[in-house]
Amino acid sequence: MFKLYYAPGTCALASHIALEEAGASYTAERLDFKNSQQTSPQYLAINPKGRVPALVTERGTLTETPAILAYIAQGFPQARLMPDDAFAFAQAQSFNSYLCSTVHINHAHKMRGYRWAVEETSFADMKRKVPETMAAAFALIERDMLKGPWVMGEQYTVCDPYLYTIALWLEGDGVDLAPLPKVAAHRKRMSERPAVQKVLAEAKA
């Protein structure tokens, strides 16, 4: 039995969907970010980074979305959530790493400029840049990385809930979906999957 710590509207949604798609036995505990539950002593004892997701396993706690997604995929091979071929597996890891190290950071500049600067004027400048950097990142995904119908082509993988999760932030980041028909179609396709519908319903409950 796994335990996933998450908060609504965060990248933890990708891991939550992946657990459901894998058929894993798990519980999910929601953290209240508005009341800073992620920085409480109780949660910091679980994840000293004070962020989500955190996946508690019998062998210890895992953090960082790409690592959690790879663990779920490899732990449930019957679900076929990663390619078997070593090169294709590396390509999937490359995609997830790009979402984690570049796209998510672009998004974070909107609300968390204090991580990179101390001047209020810097925060405003970073926030103004978000629509541009997010649009550029997704233009690259649209043109060169989303093979379709799923990220890796015909096989649904853990890349798909991760892309879906971050794509849900686009309108809030001031990005027009019109130039991104493949991304928009992928998002719609994901929203129709039973696992996604179940996880979103739980998050809203």
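Colleague: Which strands does H1 lie across, and at about what angle does H1 run to E1?
Modeller: This is a predicted model. H1 lies across E1, E2 and strand E3, residues 54–57. Its direction relative to E1 is about 155°.

Colleague: What is the strand order of the open sheet?
Modeller: The sheet has four strands, with mixed pairing. Its edge strands are E2 (26–30) and E4 (60–63), each pairing on one side only. From one strand to the next, the twist averages 20°. The order is E2-E1-E3-E4.

Colleague: How many bridges join E1 to E2, and do the strands run parallel or antiparallel?
Modeller: Strands of a sheet pair through backbone hydrogen bonds, either parallel or antiparallel. Strand E1 covers residues 2–6. Phe2 stands opposite Tyr26 in E2. Five bridges join E1 to E2, and the two run parallel.

Colleague: Which strands does H3 touch, and what angle does its direction make with that of E4?
Modeller: H3 packs on the sheet. It touches E1, E3 and E4. With the direction of E4, its own makes about 120°.

Colleague: Why is H1 described as roughly parallel to H3?
Modeller: The axes of H1 (residues 12–22) and H3 (residues 65–75) come within 10 Å. They cross at roughly 0°. Angles under 35 degrees count as roughly parallel. Therefore H1 is roughly parallel to H3.

Colleague: How many nonpolar, polar and charged residues has the contact of H1 with H3?
Modeller: H1 contributes Ala14, Ser15, Ala18, Leu19 and Ala22. H3 contributes Thr65, Ile68, Leu69 and Ile72. By class, the contact has seven nonpolar, two polar and no charged residues.

Methods:
Residues numbered from 1 in each chain as written. Predicted model: local features only at pLDDT ≥ 70, side-chain atom pairs only at ≥ 80, totals over all residues. Heavy atoms only, no water. Axes fitted to C-alpha atoms, helices over the stretch in contact; angles between N-to-C directions. Parallel < 35°, antiparallel > 145°, perpendicular 65-115°, else oblique. Contact = heavy atoms within 4.5 Å. Nonpolar A, V, L, I, M, F, W, Y, C, P; charged D, E, K, R; others polar. Pairing = 2+ DSSP bridges.
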